[in-house]
Amino acid sequence: DYVKNVNKYIPVPAIVTQMRHRVEERMNKLKDYSETTPLNAVEMHDQAGARIGVIASGISYRYAKEVFGDTACYLKLGFTNPLPEKKITDFAKQFDTLYVIEENDPYIEDKVRALGFSDKVRGYGFFPYTGERTADVLRKAIYGETKPTLAYDETKAVPRPPALCAGCPHRGFFYRLGKRKDVIMSGDIGCYALSFAPPYNSMDVSLCMGASFSMGHGMQQVIDRKEAPDKRVVAFLGDSTFFHTGVNSLIGTAYNGSRTVSVILDNRITGMTGHQQNPGTGFTLQGRPAKELDIEALVRACGIDHIFKIDPNDLAAVDKALDDALALDAPSVIITRWPCVLKKLSAEDKEEFQGVFQSKCKVDPETCIGCKLCTKTGCPAISFDAEAKKAQIDPASCVGCEVCVQVCPKQAIAKEVR
């Protein structure tokens, strides 16, 4: 039960000194615990010749075991803050060579070196600085070789970069945005990060979640100071990212009167990380009905007067929204609204987006001239038959978004309603 205690919960200057003492007392107790907890365990094996010790944590321990087996001894650290200095010292002094295997930064390695074992340690630098410490990576660093694999002709291996799904609502927007001249495109964290690559080439910079609007605002301010009126910034992020940390960036854009065009890509769900609900979907994470946050109303409340809502699959609407927003000398926001193609549609979705994902597109081979313009939309449902010199659409993948229909110069692609 909660008990009122300002000396425990209020970190004002008069109280924080005592709080710090309590923190140090706890850390000292945890130092003792780290020496005795079974989470930090020593695993010894008999060896002949030079003795090898491995200090590892997490999955790195399993990778190390795969490489060394019983030819090494192990100190497996499952409790690492604070580290067990005595246990590390007692273990390390028994061996001629110490492999410290951990991912990310050399936290454990730095402590082992500080305890006086630098001459024995092999860690960062010996192993790659980045990436996973998989068994193959460890084996190559330690033995200079990896286990043999099946032989194949590497020249025939087709590179398969990640792509926006067939029917992704971001495709139409980025297909048109990438064709703009004198535009810097500030991106964010989400499926739409793939827009940096061909065929879209629609993202120039990206930093961290929610920063696209504030980066765009800052760049636009610098550009305007250089008196380059034709150079504009278009910044974009997704609906869940907007709710997470993008709102405050938009407030800064509006408050400072930046000419940035800010775009919210509302695909009605948190797409990239597994379709979690968010404040704009109308449901809680547990699936209970919730008050749906109105993005347009929130944007207006942030101080934006110029708002354009569009279907991103409508290429003419995308072009007009970009034209209208870029013509303004004031902050503006474009909201694209169409569900993620992988989303489990709610009753509300089916009512708003009637007939969505209920059709296919098909190429008429007699009309197709093989210009490949449809393939440049980047849709994985579209391929080109080099022998027939015709485009073709995989009916198992297509969901009838009609972006390709609008791109085809000969009307050789038509929508088929199921």
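Residues are numbered from 1 along each chain as its sequence is written. Because the model is predicted, local features need pLDDT of at least 70, side-chain atom pairs count only at pLDDT 80 or more, and totals for chains, interfaces and linings use all residues; side-chain values use heavy atoms, with hydrogens and water left out.

Start with the sheet. Helices (H or I, at least four residues) and strands (E, at least two) are DSSP runs, numbered from the N terminus. Five strands, in the order β1-β3-β2-β4-β5, form an open sheet with mixed pairing. Two strands pair if DSSP finds at least two bridges between them. β1 and β5 (121-122) are the edge strands. Each has a single partner strand, so one side of each has no neighbour in the sheet. Strands of a sheet pair through backbone hydrogen bonds, either parallel or antiparallel.

Strand β4 (residues 97-101) runs parallel to β5, and 2 bridges join them. L98 has V121 in β5 as its bridge partner. Helix α3 (residues 59-68) packs on the sheet. It touches β1, β2 (52-57), β3 (73-77) and β4, where contact means heavy atoms within 4.5 Å. The direction of α3 makes about 150 degrees with that of β2. Axes here are lines fitted to C-alpha atoms, for helices over the stretch in contact, and angles run from 0 to 180 degrees between N-to-C directions.

A41 sits in strand β1 (residues 40-43). Beyond its neighbours within four places in sequence, A41 contacts Y74, L75 and K76. The C-alpha atoms of A41 and L75 are 5.8 Å apart, although 34 residues separate the two along the chain. A41 is partly exposed, because its relative accessibility is 33%. Buried means under 20% relative accessible area, exposed over 50%, and partly exposed in between (1.4 Å probe, protein chains only).

Helix α6 (residues 135-143) comes next. Its buried residues are A135, L138, R139 and I142. Seen down the axis of α6, they fall within an arc of 100 degrees, so they line one face of the helix. That arc is taken from the directions from the helix axis to the C-beta atoms. An α-helix has 3.6 residues a turn, so residues three or four places apart point the same way. The buried residues of α6 pack against α3 and β4. G144 follows α6 and has a positive phi, near 75 degrees.

Charged pairs come last. A salt bridge is a side-chain nitrogen of Lys or Arg within 4 Å of a carboxyl oxygen of Asp or Glu. The structure holds 22 of them. One joins K111 and E85, with the closest N and O atoms 3.1 Å apart. K111 is in helix α5 (residues 107-117) and E85 in helix α4 (residues 85-92), 26 residues apart. Another joins D319 and R180, at 3.6 Å from N to O. D319 lies in helix α11 (residues 315-326) and R180 in the loop between α7 (170-177) and β6 (183-186), so the pair ties together parts 139 residues apart in sequence.

Finish at D266, in strand β8 (residues 261-266). D266 is buried, because its relative accessible area is 2%. R268 forms a salt bridge with D266, the closest N and O atoms being 3.1 Å apart. R268 is buried too. A network of salt bridges links D266, R268, E292, R337 and E352.
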